[in-house]
Amino acid sequence: MKTIRSVEAIKDNLKDKKGAEIKFIVQKGNRRRKVQKGIISNVYPSIFTIMSDGANLSFSYIDILTKTVELAFVSEQA
């Protein structure tokens, strides 16, 4: 995902990509990372949800700003 520096820009970008397949990395602390694939299922005012392996995971837009969660859209990867 391109570097975006405001919560509103992140929300707008994710609204446009609702239903898109993504690969995402969640920072778990102490240099542990979890890489998963999923689909952006919903975009709400404070959070967005990703359906991954039958589970609905929720993240805040601040998680993207702080790089706790990193998103990569599958269609944009080469």
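Colleague: Let's start with Lys 67. Why is Lys 67 counted as exposed?

Modeller: Its relative accessibility is 58%, and exposed begins over 50%, so Lys 67 passes the cut-off. Keep in mind that this is a predicted model. As for its place, Lys 67 is found in the loop between H2 and E5.

Colleague: What is there to say about phi of Lys 67?

Modeller: Phi is near 65 degrees there, a positive value in a residue that is not glycine. Most residues other than glycine have a negative phi. Asn 30 also has a positive phi, near 50 degrees, and is likewise not a glycine. Asn 30 belongs to the loop between E1 and E2.

Colleague: How do you know whether Asn 30 is buried or exposed?

Modeller: Set its relative accessible area, 73%, against the 50% limit: the value is over the limit, so Asn 30 is exposed.

Colleague: And why does Asn 42 count as partly exposed?

Modeller: Asn 42 has 25% relative accessibility. Buried would need under 20% and exposed over 50%, so the value falls in between. Asn 42 lies in strand E2. Leaving out residues up to four places away in sequence, Asn 42 touches Lys 18, Phe 48 and Thr 49.

Colleague: What makes Pro 45 an exposed residue?

Modeller: Its relative accessibility of 64% does, because exposed means over 50%. You will find Pro 45 in the loop between E2 and E3. Pro 45 still has contacts: setting aside residues up to four places away in sequence, Pro 45 touches Lys 11 and Tyr 61.

Colleague: Now helix H1. Which of its residues are buried?

Modeller: In H1, residues 7-16, the buried ones are Ile 10, Lys 11, Asn 13 and Leu 14.

Colleague: How do you know that they line one face of the helix?

Modeller: Look down the axis of H1: the buried residues fall within an arc of 165 degrees, so they line one face.

Colleague: What do the buried residues of H1 pack against?

Modeller: Their partners are strand E2 (32-43), strand E3 (47-52), helix H2 (61-65) and strand E5 (69-73).

Colleague: On to the aromatic rings. Why is the pair of Phe 24 and Phe 59 called edge-to-face?

Modeller: First, the pair counts at all because the ring centres are 5.9 Å apart, within the 6.5 Å limit. Next, the planes stand at 65 degrees, and over 60 counts as edge-to-face, so that is the name it gets. This pair links distant parts of the chain: Phe 24 is in strand E1 (residues 21-29) and Phe 59 in strand E4 (residues 55-60), 35 residues apart.

Colleague: What makes the pair of Phe 48 and Phe 59 tilted?

Modeller: The centres are again 5.9 Å apart, but the planes are at 35 degrees.

Colleague: Which residues touch the most other members of the largest nonpolar core?

Modeller: Of its 15 residues, those are Leu 14, Ile 22, Phe 24, Phe 48, Ile 50, Phe 59 and Leu 71. At least two residues of this core come from each of H1, E1, E2, E3, H2 and E5.

Colleague: What makes you say that Lys 17 lies over the face of Phe 73?

Modeller: Lys 17 is 5.0 Å from the ring centre, and the distance limit is 6 Å.

Colleague: Finally, how confident is the predictor?

Modeller: The protein chain averages a pLDDT of 88, with 91% of the residues scoring at least 70.

Terms used: Residues numbered from 1 in each chain as written. Predicted model: local features only at pLDDT ≥ 70, side-chain atom pairs only at ≥ 80, totals over all residues. Heavy atoms only, no water. Buried < 20%, exposed > 50% of the residue type's maximum accessible area, 1.4 Å probe, protein only. Helix = DSSP H or I, 4+ residues; strand = E, 2+ residues; numbered from the N terminus. Arc of directions from axis to C-beta. Contact = heavy atoms within 4.5 Å. Phe/Tyr/Trp six-rings, centres within 6.5 Å; stacked < 30°, edge-to-face > 60°. Lys NZ or Arg CZ within 6 Å of the ring centre and 35° of its normal. pLDDT = per-residue confidence, 0-100. Core = buried A, V, L, I, M, F, W, Y, C linked by side-chain atoms within 4.5 Å.
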